[in-house]
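Please read this briefing alongside the sequence and the 3D view.

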Amino acid sequence: MREHRSQAVMALLFTMLIWGTSAVFMRTTALSLAPENALALRFAVVVPLVVPGLLITGGWAIAREHWPRLILTGVGMFGSCWFTVQGFARVAAGLGTVISMVEPIIIALLAWAFLREALYPRIWAGLIVSLIGAAVLFWPDITASTANPVDAVGIFFLLAAPTCWAVYTIGAKPLLSHYSGFAISGWSMLLAAPLILLMASKTYAELVATTSARTWTEILYLTTFHSLLAVVLWNYGTRALPGAVVGSFLYLLPVIAVGAGYLILGEPITPWLVAGGTIMLAGVALAQSGSREH
């Protein structure tokens, strides 16, 4: 049993390493290809992997009454992917990951608004603490004391992305009692794929011919490791460990992303980033602890 738990811990640590470093490669591919082209190539690679996976696992068949909600998850998947790549094209990988960590609060607020799930006082308190952290994080921009202000549109996109993922989560939640997680995520990708593939600003022949070997390696990393392997490892870890323990691993994401951004892209680690990011994460942790109140 102890060996099984240690393997689960290693699986989750490797998952955080993959997801944390993925922010860097989302940014590099978006900058080298343009965001819409980088996302289109990723889906062009991942869709041929998803289709046989659905056929093999039996997740292909969806009941007619579940299609409206499944379409909602596809909309959420599209928005999450689109806004994420657009945001990372404008905002540093480490900073962008810190911003996106407010996702659990957004999910809780939307679940309260649309599913009538209980909204505990700690969620509101966590939101306030996170807003204070955001003020610290962007204080140089607020006071116009920095020569390189953060792109406001990029911040908006990186907040819109977890909002769309919250739509996906809310849409998928009732379906998970009928279908596997892979079936829901796989179908959501397939529903989002046509629009994503059509929005490429270059022909695929041109993209294939002009994309460098390094960028192809980064795209393959994002598809096989980020979108597929990490999800498998995450599911393995969540089955073997308590939910509170699993959730705590997510706080490694911004640390890894900030470190990877510094080592790979030379992104600066400022006192405002450290202080504001820490306060924001504390607010998210406080909000998540509210779900255990009764």
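The secondary structure of the chain consists of 14 helices and 0 strands. The model is a predicted one. Read from the N terminus, the order of elements is α-α-α-α-α-α-α-α-α-α-α-α-α-α.

**Overall build**

- The chain has 294 residues and a radius of gyration of 19 Å, which agrees with the value near 19 Å that a compact globule of this length would have.
- Along the principal axes, the C-alpha trace spans about 55 × 50 × 40 Å.
- Among contacts in the chain with a separation of 6 or more, 89% are between residues 24 or more positions apart.

**Surface and burial**

- Of the 294 residues in the chain, 47% count as buried.
- The chain has an accessible surface of about 14,300 Å².
- Carbon and sulfur atoms account for 70% of that accessible surface.

**The second largest pocket**

- The volume of the second largest pocket is about 510 Å³.
- A total of 24 residues line this pocket, and those closest to its centre are L95, N148, V150, P268 and T270.
- Four elements, α4 (93-100), α7 (139-142), α13 (252-265) and α14 (271-289), each give two or more residues to the lining of the second largest pocket.
- Which element gives the most to the lining of the second largest pocket? That element is α13, with 3 residues.
- Sorted by class, the lining of the second largest pocket has 15 nonpolar, 4 polar and 5 charged residues.

- Q86 is found in helix α3, which covers residues 67-88.
- Is Q86 buried or exposed? Q86 counts as buried because its relative accessible area is 9%, and buried means under 20%.
- Which residues is Q86 in contact with, leaving aside its neighbours within four places in sequence? They are P35, E36 and F157.
- Q86 and T215 are 129 residues apart in sequence, and their C-alpha atoms are 17 Å apart in space.

**Points to keep in mind**

- For the chain, remember the 14 helices and 0 strands, together with the radius of gyration of 19 Å.
- For the second largest pocket, remember the volume of about 510 Å³ and the 15 nonpolar residues in its lining.
- For Q86, remember the place in helix α3 and the relative accessible area of 9%.

Conventions:
Residues numbered from 1 in each chain as written. Predicted model: local features only at pLDDT ≥ 70, side-chain atom pairs only at ≥ 80, totals over all residues. Heavy atoms only, no water. 1 Å grid on protein atoms, 1.4 Å probe; cavity = no way out; pocket = protein on both sides within 12 Å on 5 of 7 lines; lining within 4 Å. Points joined across faces, edges and corners; volume = space filled by probe spheres on them. Nonpolar A, V, L, I, M, F, W, Y, C, P; charged D, E, K, R; others polar. Rg over C-alpha atoms; globule rule 2.2 N^0.38 Å. Buried < 20%, exposed > 50% of the residue type's maximum accessible area, 1.4 Å probe, protein only. Contact = heavy atoms within 4.5 Å. Areas by Shrake-Rupley, 256 points an atom, 1.4 Å probe, with all protein chains shown as cover.
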